[in-house]
Amino acid sequence: MTTKGRTTAKRRRIAIVIDLEWNGKHHTHVFAGIYRHAQLRNWECVVWPHTPELQSESGKKAYDGIIARATPELAHAAKAMKIPLVNVWISSPVVDVPSVVPDMRAAGVLAGEHLLARGFSRFGYLGTQRARVSRQCEEGFRATVDDGTGDYTRHGVPLTFDSNLECWRRFQDRLATWAKTWTTPIGIFCVRDGKARYLCNIVQQIGLQIPADVGIVGCMDEENICLTPEPALSSIECGYERNGVRAAELLEELMDGGPAPTEPIRIAPVELIARTSTDAFAVEDPVVASALQFIASAGNRPLKVEDVVEQVPVGWRTLERRFHKLLGRTVSQEITRMRIERVKRLLVETKFPIKKVATECGFANASRLCKTFRQAEGTTPSEYRQRRTSD
């Protein structure tokens with residue numbers, strides 16, 4: 001179009017093919033990022049939940065570009081009409097279109113690094129069967145935490161786990177069965193915050209403590225799920241809005257005649273937000289963190305304060321002062337706390353005699369265990385077991 005000798009660029013019309021009724025960050029925040037860039041470029045955006053008609057009534061292209069959770073049908077139609085298409089769906093079956101997707105492997109690495117820093121030495125993964133997102137998350141997570149010693153466990157659930165009451169009950173039963181096989185303390189990474197919340201419920205129902213026995217990390221940082229109820233979930237903020245912005249930028253490059261990338265553009269997650277579900281070792285002091293890690297790893301053998309002091313580069317007084325400042329308890333109290341939590345788990349989940357429970361939890365003998373347990377819980381180990389197993 002020309003106005004008084006000046007050429008005015010045609011306003012570009014963009015189709016955004018994302019179902020906004022799916023109220024999750026990976027839909028709504030991607031859309032927000034796309035629209036943010038679109039406003040800067042004065043694009044006319046039309047939102048579709050499904051594949052739109054790409055040809056106008058006059059037979060011309062109805063859109064200058066498309067950003068979509070690309071299906072084979074849409075990809076084929078866009079190619080036939082020679083309309084640039086950018087895919088934002090990580091699990092899209094279409095492999096030959098430019099894509100901007102979250103780097104879920106990097107998210108798995110973040111989760112693994114966080115749990116390692118919290119002192120966990122056993123790990124598990126709760127994922128979704130045959131889902132690309134889940135597979136990539138676990139690849140990063142397992143590569144970070146699995147040292148080949150066998151202290152790694154996984155559980156996959158079907159996509160239809162909550163489609164009806166029967167599926168839901170089966171999901172809960174299998175999740176509980178899996179959790180009862182764990183040796184604690186253990187750090188678990190879940191592919192979605194919803195699954196992490198369900199896992200929290202199961203963990204508490206079978207008598208484990210979060211985060212003392214089980215540290216749980218979710219993914220996507222859906223705040224309505226993460227923040228209530230307690231424990232608040234640690235989770236990974238993937239930054240989906242950045243995915244939308246980059247997808248719009250790429251579409252602009254393609255519409256301007258630029259080359260398509262040969263590989264998917266992967267956008268790294270923003271950060272892991274630590275909350276109550278992993279705060280067992282959530283301290284900024286690296287000396288205290290190191291001491292806590294050592295105490296957790298030595299939960300099944302006798303341990304003295306002197307043993308902990310030998311593992312850190314400060315003296316006993318300094319370590320005690322830092323413990324009291326950050327945790328409100330002494331090193332000895334922390335050793336006892338972790339031992340007692342382990343004792344309670346074994347009393348509920350096993351039929352070990354008290355003598356074996358004492359040995360498994362680092363006590364010199366059953367008498368010492370009973371004395372310490374009564375001081376901490378106001379009851380004997382046998383009474384505690386009877387009450388909990390008869391509930």
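The side chain of Glu138 makes a polar contact with the side chain of Arg154 at 2.9 Å, where a polar contact is a pair of N or O atoms within 3.5 Å, of which, within protein, one must be able to donate a hydrogen and the other to accept it, residues adjacent in sequence counting only if both atoms are side-chain atoms. Glu138 lies in helix 4, helices being DSSP runs of H or I with at least four residues and strands DSSP runs of E with at least two, both numbered from the N terminus. Glu138 counts as buried because its relative accessibility is 11%; buried means under 20% relative accessible area, exposed over 50%, and partly exposed in between, with a 1.4 Å probe and protein chains only. Leaving aside neighbours within four places in sequence, Glu138 is in contact with Tyr125, Ala143, Tyr152 and Arg154, contact meaning heavy atoms within 4.5 Å.

The model is predicted, so that local features need pLDDT of at least 70 and side-chain atom pairs count only at pLDDT 80 or more, while totals for chains, interfaces and linings use all residues. Residues are numbered from 1 along each chain as its sequence is written, and side-chain values use heavy atoms, with hydrogens and water left out.

**Nonpolar cores**

A nonpolar core is a set of buried Ala, Val, Leu, Ile, Met, Phe, Trp, Tyr and Cys residues joined through side-chain atoms within 4.5 Å. The largest one has 43 residues, of which Ile67, Val86, Met104, Phe141, Phe189, Cys219 and Ile236 touch the most other members. Helix 8 supplies the largest share of this core, seven residues. A second, separate core has 24 residues, including Val157, Ala179, Ile202 and Val214. Returning to Phe189, its contacts beyond four places in sequence include Ala107, Tyr125, Leu126, Phe141, Cys219 and Ile236.

**Pocket and cavity**

On a 1 Å grid over the protein atoms alone, a cavity is a set of points where a 1.4 Å probe fits but cannot get out, whereas a pocket is an open set with protein on both sides within 12 Å along at least five of seven lines, and lining residues have an atom within 4 Å of a point. Grid points are joined across faces, edges and corners, and a volume is the space filled by probe spheres set on the points.

The largest pocket holds about 980 Å³ of space. Its lining is made by 37 residues, and those closest to its centre are Trp22, His26, Leu159, Arg192 and Lys195. Two or more lining residues come from each of helix 1 (25-41), strand 7 (100-102), helix 4 (132-145), helix 6 (193-205) and helix 8 (240-255), with helix 6 giving the largest share, four residues. By class, the lining of this pocket has 20 nonpolar, nine polar and eight charged residues, where Ala, Val, Leu, Ile, Met, Phe, Trp, Tyr, Cys and Pro count as nonpolar, Asp, Glu, Lys and Arg as charged, and the others, Gly among them, as polar.

There is one cavity of 30 Å³ or more, and the largest cavity has a volume of about 210 Å³. Among the 20 residues that line the largest cavity, Pro185, Ala296, Gly299, Met338 and Arg342 lie nearest its centre. Helix 9 (286-297) and helix 12 (331-349) each supply at least two of the lining residues, and helix 12 gives the largest share, six residues. The lining of the largest cavity divides into nine nonpolar, four polar and seven charged residues.

**Backbone features**

Most residues other than glycine have a negative phi, and most peptide bonds are trans. The table lists features that depart from this pattern.

| Site | Feature | Angle |
|---|---|---|
| Thr184 to Pro185 | cis peptide bond | omega near 0 degrees |
| Thr228 to Pro229 | cis peptide bond | omega about -10 degrees |
| Arg130 | positive phi, not a glycine | about 60 degrees |
| Asp221 | positive phi, not a glycine | near 50 degrees |

Pro185 is placed in the loop between helix 5 (165-179) and strand 10 (186-190), and Pro229 in the loop between helix 7 (223-226) and strand 12 (234-237). Arg130 is found in the loop between strand 8 (123-128) and helix 4 and counts as exposed because its relative accessibility is 76%. Asp221 lies in the loop between strand 11 (214-219) and helix 7, but is buried, with a relative accessible area of 1%.
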